Structure formats: C-alpha cells, structure tokens
Amino acid sequence: MSTQTTKPIATYVDVPYVERQVNQRLSEVMANNAIDPPESGEWTAQAQAIEDTLAGLKADYAETVAAKDAEIAELEDDYAEARAEVNRLTPYYDTMAAMKQLYNAFYSAPSTLTEVTLYGPNATSLQYAFKYSYVKKINGYYGGSSMAYAFHYSYATSLDFTEFLAPNLTSLNYTFYYSRAVSINLGGLDTSKVTNFGYLFYYCSSLKYVYGTLSVESLSSTSTTYWNNYAMYYVTALRRLHLKGIGTKSELTSFRAVASNWGYEDGTEADEGNLQSLVDSLVNGTYDRASAGRSTCTLTLHTNCAARLTSEQKAAITAKGYTISTVSTTY
C-alpha cells in the first residue's frame, strides 16, 4: 500500500485572495449605504425646530402650573368658607347634641321652611316636631328610639328621609297620623327593631307611594296589635309599599294589611313597581314559617288587593305557613 502525504489545508486555500474579496465586498456595502452629511443650513433648521418644540413645552408647562395654582387657590377659599361655616354651626350642633327633647321643634313652621337638618344623638323624642309644618326633606341624625307623633298632621305633600339616619327606632306610633303626604321615602329610617306601629299611616288618605323598605320583623303577637290597630286605617290611595319580615316572630298569629289599592298600577311611569312591591312583601319578603315549623299566621288583605295576586303567588304564600283572609273594608 502506497502512502500519500496530506498537505495542510492552507496549501489549498489562497488566503490573500479571500481577504481581498472580503475587503472589496465590504467597501461596496459601505459605498452603497453611505449618507452624505447634511448641509449646514439643514442643521440650523433642525436645531430651530427642536428649540421651538422645547419653547412650546415650556409654555404648556407654565400654563398648567398657573391653572393648578388657581385651582389650589380656589380650593383654599372653599376650605376657608367651609371652616367658617363649621365654626358658625358648631355651637348650634353642640346645643342640639345636648338636647334630650325636640318636642314641637318645627311646630307650625312657616310654609317657606321645607328642608331641615337635625342633629340629635342624645334626643329621645320628636313628638309633634313637625306637626302642622311644610317640611319635606329631613337631613341629619337622630339617636332616639321614638318618632311617635313626629309628623302628626303634617302639611307637607312629600316626606324624604334619604339623608336622615335613625338607627335605634323602636316606636313609630302615630308618626304620620293624618299626614297629607302623597309620597314618603323612608330612606335611612331603620325599622327592623320597631315593635309599635300603631296608627302609623292612620287616615293618610292622600298617600300613594311609600319608597324604601318598612321592616316589620320585630312584630310579635303582642306588638302586632299596634300594627293591626289602625296602622293602615283608611289608607285608601296607597299603591306602593314594600314590607319586609312579616311573620318573623314565632308567636305571631295574625297580620292585617287592608289597603285596597296596594299593588295597583294605572300604566303611568309613576306606578311602575307598585305590583312588585306587593309581591315582594307577601311572596318574597314573608318569613317561611312552615319550614321553621311554626304555627300558621293569618294574613288579612283587602279583597281588591288579594285579587292582584296570581293563584301561584297565593299558593306560594300559603306554602310558607300563612292563611289568606280577605275583607272589603279599609280599616
């Protein structure tokens, strides 16, 4: 076997030639992509554009700072005015906070007084506070447990409690007795602990709409007499009322709601939701006594009101442990 001598790879490659080709190609690429430097005039234009942009930004910044300074100054003025008002009212609120009775507070107030703010964290009574008054909107806070007789013979055509907090109520006895209100928005009135509703809406013959929720969950067999005794006596115009918690107390045996127009809708926008308030009160809002193993409670409705309930809805009420009874009177 003959042997051959292997030459190094360098002997097969012309290295200088390769280098020349690479350098030539690089030169071509650089030549094709070369960018001529701009003329001095072009540089000046670009610099001027940058300076103009910077000047515009500075102007915008100065304008923004001026606007914010003006806004801060206005807020400081508002704060100063608010602080002055607080200082002015502090003695009033301190006096109100110390008061235990607000008896006759706005009794026969002039008809121009339609909105008031109360602050009575320690007050215990609002008896006759708004009797013969035209006050429609009540704001503030009342820490007492009784609003008995508060709007006794009120002349206001509407009553709004949406910005009024009364979290400790246990008595609404005679609260709206003979009130002329067409609508009442219960707002912040927490009635979940109320046991005395006697004569609540007695002879409120103009009352059509009660907005919000009236909780009756604290009514027992004893306190129910306060509801059944004239709470809805001759409330002949009432169409909207949302009751919550009928039948919650185990010893309850009867509940009377004989408003003849409860749930009635005449097709106008104002009447939308009236029927649903009836259904929510009697079908959805009643306590399920049957499931809790409690005795049956008699639910007395006006004949017209009962007629607005479907057979399925009446069956649902019965299944929850209630017997539906009807009367043709509104008392």
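What do the buried residues of H4 pack against?

First, the ground rules. This is a predicted model, so local features need pLDDT of at least 70, side-chain atom pairs count only at pLDDT 80 or more, and totals for chains, interfaces and linings use all residues. Residues are numbered from 1 along each chain as its sequence is written, and side-chain values use heavy atoms, with hydrogens and water left out.

Okay, the overview. The chain has 6 helices and 11 strands; those are DSSP runs, H or I of at least four residues for helices and E of at least two for strands, numbered from the N terminus. Of its 331 residues, 35% count as buried, and buried here means under 20% relative accessible area, with exposed over 50% and partly exposed in between, using a 1.4 Å probe and protein chains only. Take the contacts between residues at least 6 apart in sequence: 67% of them join residues at least 24 apart. A contact is heavy atoms within 4.5 Å.

Back to H4, then. The buried residues of H4 pack against S6, strand S8 (243-244), S10, helix H5 (303-307) and H6. Which ones are buried in H4? They are Asn274, Ser277, Leu278, Val279, Ser281, Leu282 and Val283.

Let's zoom in on one of those partners. Helix H4 (residues 274-284) packs with helix H6 (residues 311-319) at about 35°, and the axes are 9 Å apart. The axes are lines fitted to C-alpha atoms, for helices over the stretch in contact, and angles run from 0 to 180 degrees between N-to-C directions. On the H4 side you have Val279, Leu282 and Val283, and they meet Gln313, Ala316 and Ile317 in H6. By class, that contact has 5 nonpolar, 1 polar and no charged residues. The classes go like this: Ala, Val, Leu, Ile, Met, Phe, Trp, Tyr, Cys and Pro are nonpolar, Asp, Glu, Lys and Arg are charged, and the others, Gly among them, are polar.

We have an open sheet of 3 strands in the order S9-S10-S11, with parallel pairing. Strand S9 (254-257) and strand S11 (322-327) are the edge strands, each pairing on one side only. On average, neighbouring strands in this sheet are turned by 20° against each other, direction ignored. Pairing, by the way, needs at least two DSSP bridges between two strands. S9 and S10 have 4 bridges, in the parallel sense, and Phe255 sits opposite Leu299 in S10.

Thr300 is in strand S10 (residues 297-302) and counts as buried because its relative accessibility is 11%. Beyond its neighbours within four places in sequence, Thr300 contacts Phe255, Arg256, Ala257 and Val258, plus Ser325 and Val327.

Now the cysteines. How many disulfides does a search of the whole structure find? It finds 0, counting a pair of cysteine sulfur atoms within 2.5 Å as a disulfide. Cys297 is buried, with a relative accessible area of 0%, and Cys305 is buried at 0% too.

Over to strand S1 (residues 115-120). S1 runs parallel to S2, joined by 6 bridges, and Val116 has Ile138 as its bridge partner in S2.

Last stop, the loops. Ser146 lies in the loop between strand S2 (137-142) and strand S3 (158-160), and it's buried at 19%. Its side chain reaches the backbone nitrogen of Ala148 at 3.1 Å. In that S2 to S3 loop there's also Tyr149, with phi near 65°, a positive value in a residue other than glycine.

Tyr174, in the loop between strand S4 (164-165) and S5, has a positive phi as well, about 60°. Tyr174 is buried at 17%.

And finally Tyr202, in the loop between strand S5 (183-185) and strand S6 (209-211), buried at 13%. Tyr202 and Tyr233 are 31 residues apart in sequence but 5.0 Å apart in space, C-alpha to C-alpha. Not counting residues up to four places away, Tyr202 touches Phe176, Tyr177, Tyr178, Tyr230, Ala231 and Tyr233.

How values were computed: Polar contact = N/O pair within 3.5 Å; in protein donor to acceptor, adjacent residues only side chain to side chain.
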